[in-house]
Amino acid sequence: MLHSRWATTSTPAPDQLAEALQAARLIGEQPELVLHGGGNTSVKLDRDGRQVLYVKGSGADLAHVIARDYTPLDLAATRALLNDASLDNSTMYAALAPHVFDPQAPRPSIETLMHAGLPPAHVIHTHAASILALSNTRRAATHLRAAFGASAPVVDYQHSGVALARACVAAWHAADAALANGLILAHHGAVACGRSADEAYECMLRM
(Lines give C-alpha, C1' and ligand atoms only; values in the text may rest on other atoms or scores of the structure.)
Protein backbone atom coordinates (compact mmCIF):
# COMPACT_ATOMS: atom_id res chain seq x y z
CA MET A 1 0.00 0.00 0.00
CA LEU A 2 1.17 3.53 -0.73
CA HIS A 3 1.80 5.53 2.42
CA SER A 4 -0.44 8.47 3.23
CA ARG A 5 1.18 11.90 3.11
CA TRP A 6 -1.88 13.76 4.35
CA ALA A 7 -0.72 14.39 7.92
CA THR A 8 2.88 15.22 7.04
CA THR A 9 2.38 17.50 4.04
CA SER A 10 -1.06 19.06 4.42
CA THR A 11 -1.66 22.23 6.39
CA PRO A 12 -5.07 22.99 7.91
CA ALA A 13 -7.35 24.02 5.04
CA PRO A 14 -9.92 26.82 5.39
CA ASP A 15 -12.74 24.91 3.70
CA GLN A 16 -13.66 21.71 1.86
CA LEU A 17 -12.64 23.08 -1.54
CA ALA A 18 -9.15 23.80 -0.24
CA GLU A 19 -9.02 20.30 1.25
CA ALA A 20 -10.10 18.82 -2.09
CA LEU A 21 -7.24 20.70 -3.77
CA GLN A 22 -4.79 19.32 -1.21
CA ALA A 23 -5.94 15.77 -1.92
CA ALA A 24 -5.72 16.34 -5.68
CA ARG A 25 -2.15 17.64 -5.44
CA LEU A 26 -1.04 14.76 -3.22
CA ILE A 27 -2.53 12.28 -5.69
CA GLY A 28 -1.01 14.11 -8.65
CA GLU A 29 2.46 14.06 -7.11
CA GLN A 30 2.51 10.24 -7.02
CA PRO A 31 3.29 8.87 -10.50
CA GLU A 32 1.98 5.44 -9.52
CA LEU A 33 -1.50 6.95 -9.40
CA VAL A 34 -1.63 9.20 -12.45
CA LEU A 35 -0.51 9.15 -16.06
CA HIS A 36 0.99 12.47 -17.21
CA GLY A 37 -0.90 14.48 -14.60
CA GLY A 38 -4.24 12.99 -15.59
CA GLY A 39 -7.24 12.06 -13.54
CA ASN A 40 -9.91 14.28 -12.03
CA THR A 41 -11.37 15.13 -8.65
CA SER A 42 -14.44 16.88 -7.36
CA VAL A 43 -16.21 18.15 -4.26
CA LYS A 44 -19.87 18.94 -3.62
CA LEU A 45 -20.46 22.02 -1.46
CA ASP A 46 -23.32 24.15 -0.16
CA ARG A 47 -22.84 27.73 -1.35
CA ASP A 48 -25.50 30.19 -0.15
CA GLY A 49 -28.11 27.46 0.05
CA ARG A 50 -27.29 26.01 -3.35
CA GLN A 51 -25.47 22.73 -3.97
CA VAL A 52 -22.41 23.32 -6.13
CA LEU A 53 -20.21 20.73 -7.80
CA TYR A 54 -16.58 21.80 -8.21
CA VAL A 55 -14.89 19.51 -10.73
CA LYS A 56 -11.37 19.75 -12.15
CA GLY A 57 -11.27 21.32 -15.56
CA SER A 58 -9.83 19.56 -18.59
CA GLY A 59 -6.09 19.83 -19.05
CA ALA A 60 -5.09 20.82 -15.51
CA ASP A 61 -2.24 18.83 -13.96
CA LEU A 62 -3.43 17.31 -10.67
CA ALA A 63 -0.06 17.88 -9.04
CA HIS A 64 -0.36 21.66 -9.40
CA VAL A 65 -4.09 22.43 -9.32
CA ILE A 66 -5.43 25.60 -7.74
CA ALA A 67 -8.99 26.80 -7.23
CA ARG A 68 -9.33 28.42 -10.65
CA ASP A 69 -8.61 25.03 -12.28
CA TYR A 70 -12.00 23.82 -11.01
CA THR A 71 -15.35 24.49 -12.67
CA PRO A 72 -18.36 25.25 -10.44
CA LEU A 73 -21.66 23.78 -11.65
CA ASP A 74 -25.21 23.60 -10.35
CA LEU A 75 -25.17 20.09 -8.86
CA ALA A 76 -28.88 19.31 -9.13
CA ALA A 77 -29.17 20.52 -12.72
CA THR A 78 -25.99 18.71 -13.76
CA ARG A 79 -27.08 15.47 -12.10
CA ALA A 80 -30.50 15.72 -13.77
CA LEU A 81 -28.85 15.53 -17.20
CA LEU A 82 -28.24 11.84 -16.57
CA ASN A 83 -31.99 11.31 -16.93
CA ASP A 84 -31.99 12.72 -20.47
CA ALA A 85 -32.03 9.62 -22.66
CA SER A 86 -31.04 11.65 -25.72
CA LEU A 87 -27.84 12.99 -24.14
CA ASP A 88 -24.55 11.64 -25.48
CA ASN A 89 -20.96 12.85 -25.68
CA SER A 90 -21.69 14.95 -28.76
CA THR A 91 -24.24 17.05 -26.86
CA MET A 92 -22.86 16.83 -23.32
CA TYR A 93 -20.80 20.02 -23.19
CA ALA A 94 -23.57 22.14 -24.68
CA ALA A 95 -25.93 20.68 -22.09
CA LEU A 96 -23.50 21.43 -19.25
CA ALA A 97 -22.80 25.02 -20.31
CA PRO A 98 -25.96 26.65 -18.85
CA HIS A 99 -25.21 25.09 -15.45
CA VAL A 100 -21.66 26.51 -15.09
CA PHE A 101 -21.69 29.35 -12.56
CA ASP A 102 -18.45 31.03 -13.67
CA PRO A 103 -18.15 31.86 -17.38
CA GLN A 104 -14.38 32.24 -16.95
CA ALA A 105 -14.00 28.71 -15.55
CA PRO A 106 -12.18 26.06 -17.60
CA ARG A 107 -14.00 23.46 -19.64
CA PRO A 108 -15.22 20.86 -17.15
CA SER A 109 -13.83 17.34 -17.16
CA ILE A 110 -15.32 14.81 -19.55
CA GLU A 111 -16.13 12.85 -16.37
CA THR A 112 -18.27 15.68 -14.89
CA LEU A 113 -21.50 13.67 -15.03
CA MET A 114 -19.85 10.78 -13.19
CA HIS A 115 -18.75 13.14 -10.41
CA ALA A 116 -22.22 14.68 -10.26
CA GLY A 117 -24.03 11.35 -10.19
CA LEU A 118 -22.02 9.70 -7.41
CA PRO A 119 -23.49 10.71 -4.01
CA PRO A 120 -20.36 11.13 -1.81
CA ALA A 121 -19.07 14.65 -1.25
CA HIS A 122 -15.53 13.92 -2.45
CA VAL A 123 -14.71 11.85 -5.54
CA ILE A 124 -11.22 11.10 -6.87
CA HIS A 125 -10.62 9.37 -10.21
CA THR A 126 -7.13 8.23 -11.22
CA HIS A 127 -5.44 6.04 -13.79
CA ALA A 128 -3.47 4.07 -11.20
CA ALA A 129 -0.80 1.90 -12.83
CA SER A 130 -1.33 -1.09 -10.53
CA ILE A 131 -5.05 -1.22 -11.30
CA LEU A 132 -4.48 -0.80 -15.03
CA ALA A 133 -2.01 -3.68 -14.86
CA LEU A 134 -4.86 -5.89 -13.68
CA SER A 135 -7.62 -4.42 -15.80
CA ASN A 136 -5.73 -4.52 -19.10
CA THR A 137 -5.58 -8.32 -19.16
CA ARG A 138 -7.70 -11.23 -20.27
CA ARG A 139 -10.37 -12.12 -17.72
CA ALA A 140 -9.84 -8.70 -16.21
CA ALA A 141 -13.22 -8.53 -14.49
CA THR A 142 -12.57 -11.86 -12.75
CA HIS A 143 -9.20 -10.67 -11.43
CA LEU A 144 -10.56 -7.29 -10.35
CA ARG A 145 -13.57 -8.72 -8.54
CA ALA A 146 -11.31 -11.18 -6.73
CA ALA A 147 -8.96 -8.37 -5.70
CA PHE A 148 -11.49 -5.74 -4.59
CA GLY A 149 -14.70 -7.59 -3.78
CA ALA A 150 -17.61 -5.53 -2.49
CA SER A 151 -15.40 -2.60 -1.47
CA ALA A 152 -15.06 -1.44 -5.09
CA PRO A 153 -17.50 -2.89 -7.63
CA VAL A 154 -16.18 -3.34 -11.16
CA VAL A 155 -17.72 -1.22 -13.92
CA ASP A 156 -17.42 -2.79 -17.36
CA TYR A 157 -15.60 -0.65 -19.91
CA GLN A 158 -17.46 2.33 -21.27
CA HIS A 159 -16.10 5.29 -23.20
CA SER A 160 -15.46 8.33 -21.00
CA GLY A 161 -18.41 10.65 -20.71
CA VAL A 162 -22.14 10.02 -20.56
CA ALA A 163 -22.12 6.22 -20.90
CA LEU A 164 -19.44 5.77 -18.26
CA ALA A 165 -21.22 8.15 -15.88
CA ARG A 166 -24.46 6.20 -16.15
CA ALA A 167 -22.67 2.88 -15.65
CA CYS A 168 -20.83 4.18 -12.58
CA VAL A 169 -23.98 5.57 -10.98
CA ALA A 170 -25.84 2.30 -11.61
CA ALA A 171 -22.97 0.27 -10.12
CA TRP A 172 -22.77 2.52 -7.06
CA HIS A 173 -26.48 2.24 -6.30
CA ALA A 174 -26.42 -1.53 -6.81
CA ALA A 175 -23.50 -1.96 -4.40
CA ASP A 176 -23.60 -2.74 -0.71
CA ALA A 177 -23.65 0.72 0.85
CA ALA A 178 -21.98 -0.54 4.01
CA LEU A 179 -18.97 -1.91 2.12
CA ALA A 180 -18.43 0.11 -1.08
CA ASN A 181 -16.13 3.11 -0.97
CA GLY A 182 -15.06 3.22 -4.60
CA LEU A 183 -15.33 1.75 -8.08
CA ILE A 184 -12.94 0.00 -10.42
CA LEU A 185 -13.30 1.06 -14.05
CA ALA A 186 -12.29 -1.74 -16.40
CA HIS A 187 -9.40 -0.65 -18.66
CA HIS A 188 -9.61 2.85 -17.17
CA GLY A 189 -8.58 3.15 -13.53
CA ALA A 190 -10.18 3.69 -10.15
CA VAL A 191 -12.67 5.96 -8.41
CA ALA A 192 -12.40 6.59 -4.66
CA CYS A 193 -15.11 8.30 -2.64
CA GLY A 194 -15.35 9.83 0.81
CA ARG A 195 -17.25 12.17 3.09
CA SER A 196 -14.08 14.24 3.38
CA ALA A 197 -11.06 14.88 1.18
CA ASP A 198 -8.68 12.92 3.39
CA GLU A 199 -11.11 9.98 3.51
CA ALA A 200 -11.28 9.84 -0.30
CA TYR A 201 -7.49 10.23 -0.53
CA GLU A 202 -6.88 7.38 1.95
CA CYS A 203 -9.40 5.24 0.07
CA MET A 204 -7.53 5.74 -3.18
CA LEU A 205 -4.25 4.70 -1.55
CA ARG A 206 -5.83 1.53 -0.17
CA MET A 207 -7.26 0.68 -3.59
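Two strands count as paired if DSSP finds at least two bridges between them. Helices (H or I, at least four residues) and strands (E, at least two) are DSSP runs, numbered from the N terminus. The model is predicted: local features need pLDDT of at least 70, side-chain atom pairs count only at pLDDT 80 or more, and totals for chains, interfaces and linings use all residues. Residues are numbered from 1 along each chain as its sequence is written, and side-chain values use heavy atoms, with hydrogens and water left out.

**View A. The hairpin of β6 and β7.**
Strand β6 (residues 182-185) runs antiparallel to β7, and the two pair over 4 bridges. Leucine 185 stands opposite glycine 189 of β7. The hairpin has 3 residues between its strands, and histidine 187 takes a positive phi near 60° there.

**View B. Strand β7 and its pairing with β4.**
Strand β7 (residues 189-194) is mostly covered, with 6 of its 6 residues buried; buried means under 20% relative accessible area, exposed over 50%, and partly exposed in between (1.4 Å probe, protein chains only). Strand β4 (residues 122-126) also pairs with β7 in the antiparallel sense, over 5 bridges. In this pair, threonine 126 stands opposite alanine 190 of β7.

A cavity is a set of points, on a 1 Å grid over the protein atoms alone, where a 1.4 Å probe fits but cannot get out; lining residues have an atom within 4 Å of a point. Grid points are joined across faces, edges and corners, and a volume is the space filled by probe spheres set on the points. The count is 1 cavity of 30 Å³ or more, and the largest cavity holds about 40 Å³ of space. Its lining includes Ala20, Thr41, His122 and Ala197. At least two lining residues come from each of α2 (16-28), β1 (40-47), β4 and α9 (197-206), and β4 gives the most, with 3 residues. By class, the lining has 6 nonpolar, 3 polar and no charged residues.

**View D. The two sides of helix α4.**
Met92, Ala95 and Leu96 are buried in helix α4 (residues 89-96). Seen down the axis of α4, these buried residues fall within an arc of 90°, so they line one face of the helix; the arc is that of the directions from the helix axis to the C-beta atoms. Ser90 and Ala94, on the other side of α4, are exposed. Elements covering the buried residues of α4 include β3 (70-74), α3 (75-80), α5 (112-117) and α8 (162-174), where contact means heavy atoms within 4.5 Å.

How values were computed. On a 1 Å grid over the protein atoms alone, a cavity is a set of points where a 1.4 Å probe fits but cannot get out, and a pocket is an open set with protein on both sides within 12 Å along at least five of seven lines; lining residues have an atom within 4 Å of a point. Ala, Val, Leu, Ile, Met, Phe, Trp, Tyr, Cys and Pro count as nonpolar, Asp, Glu, Lys and Arg as charged, and the others, Gly among them, as polar.
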